[in-house]
Amino acid sequence: MKLSNTPFLPLRRWLALAGAAVALAAPSIASAQGELTVYCTVQEEWCRPMVAAFEKTTGIKVSMTRKSSGEFYAQIKAESANPRGDVWWGGTGDPHLQAAEEGLTDPYVSKTSLDSLQDWAVRQARSAQFRTVGIYAGALGFSYNADELKKRKLPEPKCWADLVKPIYKDEIQVANPNSSGTSYTMLATMVQIMGEDKAFAWMKALHKNVNQYTKSGAAPARAVATGESLIGITFQHDAVVQALGGAPVKIVSPCEGTGYEIGSMSIIKGAKNLANARKWYDWALTPEAQAIGATAGVSYQVPSNKKATVPAAAPKLSEIKLIDYNFAKYGSSAERKRLLAKWDAEVGNQP
Ligand code: PLP
């Protein structure tokens with residue numbers, strides 16, 4: 001229909017057209033009030049009960065996709081001219097901080113009081129001018145299949161230094177740090193523990209022992225559980241899921257100390273369903289929402305709400321030798337880009 005013709009239409013036809021236009025517009029207005037697109041970066045098994053609980057609590061219809069931290073960071077950047085997601089829930093804090101610095105996410109101070117959150121969660125929010133917030137924390141480490149280790153008469157690996165020994169050739173699985181926040185946490189952790197030169201030498205030596213770089217950070221824990229890989233570098237809580245499932249998995253806190261993540265959440269800039277994204281954000285910080293993963297038996301991180309029950313099986317951060325992970329530095333856009341490019345050039349692209 002040419003707009004220039006419309007003034008000459010008879011009144012009855014005008015009203016019919018206007019009615020049709022309202023009828024066509026109505027469903028999209030209604031759906032804009034009742035929908036939310038969640039980019040979920042934890043394990044799919046945890047994303048699903050979260051979505052179901054939110055839909056039940058609010059009546060808002062959620063469309064959810066699951067991808068790894070680095071993948072969603074890249075997608076949100078690629079979609080920034082026409083954002084398709086509303087809220088990015090979960091995943092390691094570094095890419096959330098990078099997205100915040102690059103203006104890909106929106107500032108929001110939650111209605112769920114900051115006083116109810118752990119200091120590390122609030123620090124994360126403040127350092128990003130409230131463009132992100134901490135939702136859980138968990139320590140990095142590795143796990144091994146105890147049955148396979150015994151069968152192969154190999155010694156128990158206890159330290160990061162053990163993982164580069166030639167006896168573990170082709171026995172280790174870890175994710176690619178470009179797609180996986182877990183693996184970027186490993187990269188940044190090694191740089192902080194050893195200094196950059198030694199860390200890259202260690203990662204090059206590790207490369208010789210790696211049987212596969214997976215896309216998702218938690219996949220190596222599953223490979224250890226099935227015996228597909230002897231050793232897997234993951235967050236310790238991801239290995240807990242496998243151990244509780246009955247697999248012969250032993251979890252190691254490396255002797256040199258280890259890094260940790262502040263799992264985060266951000267609202268995507270230009271979110272089409274901004275009000276609903278804020279509702280998710282407020283809800284996801286409540287003790288009730290933060291209990292869902294452990295109740296479903298799929299997540300064993302430390303929740304960021306002080307009143308949320310810490311799952312009994314969650315690795316105790318106070319008992320792990322944690323480094324003072326520099327989130328501001330390793331979550332900065334320049335540093336993350338530089339380290340990932342260097343990893344590609346010096347480690348990932350090697351035969
Ligand atoms: N799943 C769980 C349970 C996590 O704790 C994390 C990290 O925040 C992720 C998934 C993210 O994993 P990826 O390394 O695939 O980005």
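**Exercise 1.** State whether the crossing of α3 and α4 is left-handed or right-handed, and name the residues that make the contact.

*Solution.* The crossing of α3 with α4 is right-handed (the near helix is turned clockwise from the far one by less than a right angle). The structure is a predicted model, in which local features need pLDDT of at least 70, side-chain atom pairs count only at pLDDT 80 or more, and totals for chains, interfaces and linings use all residues. Residues are numbered from 1 along each chain as its sequence is written.

Step 1: α3 spans residues 69–78 and α4 residues 93–101 (helices are DSSP runs of H or I with at least four residues, numbered from the N terminus). Their axes lie 9 Å apart at an angle of about 15 degrees (lines fitted to C-alpha atoms over the stretch in contact; angles run from 0 to 180 degrees between N-to-C directions).

Step 2: That angle makes α3 roughly parallel to α4 (under 35 degrees).

Step 3: Ser69, Gly70, Tyr73 and Ile76 of α3 make the contact with Pro95, Gln98 and Ala99 of α4 (C-beta atoms, placed from the backbone, within 7 Å).

**Exercise 2.** Describe how α9 packs with α10 and identify the residues that meet.

*Solution.* Step 1: Helix α9 (residues 219–226) and helix α10 (residues 236–244) have axes 9 Å apart, at an angle of about 30 degrees.

Step 1: α9 and α10 are therefore roughly parallel to each other, and α9 passes α10 in a right-handed crossing.

Step 2: From α9, Ala221, Arg222, Val224 and Ala225 meet Asp238, Ala239, Val241 and Gln242 of α10.

**Exercise 3.** What percentage of the protein chain is buried, and how many residues does the chain have?

*Solution.* Buried residues make up 47% of the 351 residues in the protein chain. The C-alpha trace spans about 90 × 40 × 35 Å along its principal axes.

Key
Helices (H or I, at least four residues) and strands (E, at least two) are DSSP runs, numbered from the N terminus. Angles under 35 degrees count as roughly parallel, over 145 as roughly antiparallel, 65 to 115 as roughly perpendicular and the rest as oblique. Two residues are in contact if their C-beta atoms, placed from the backbone, lie within 7 Å. A residue is buried if 20 or more other C-beta atoms lie within 10 Å of its own, exposed if 12 or fewer, and partly exposed in between; C-beta atoms are placed from the backbone.
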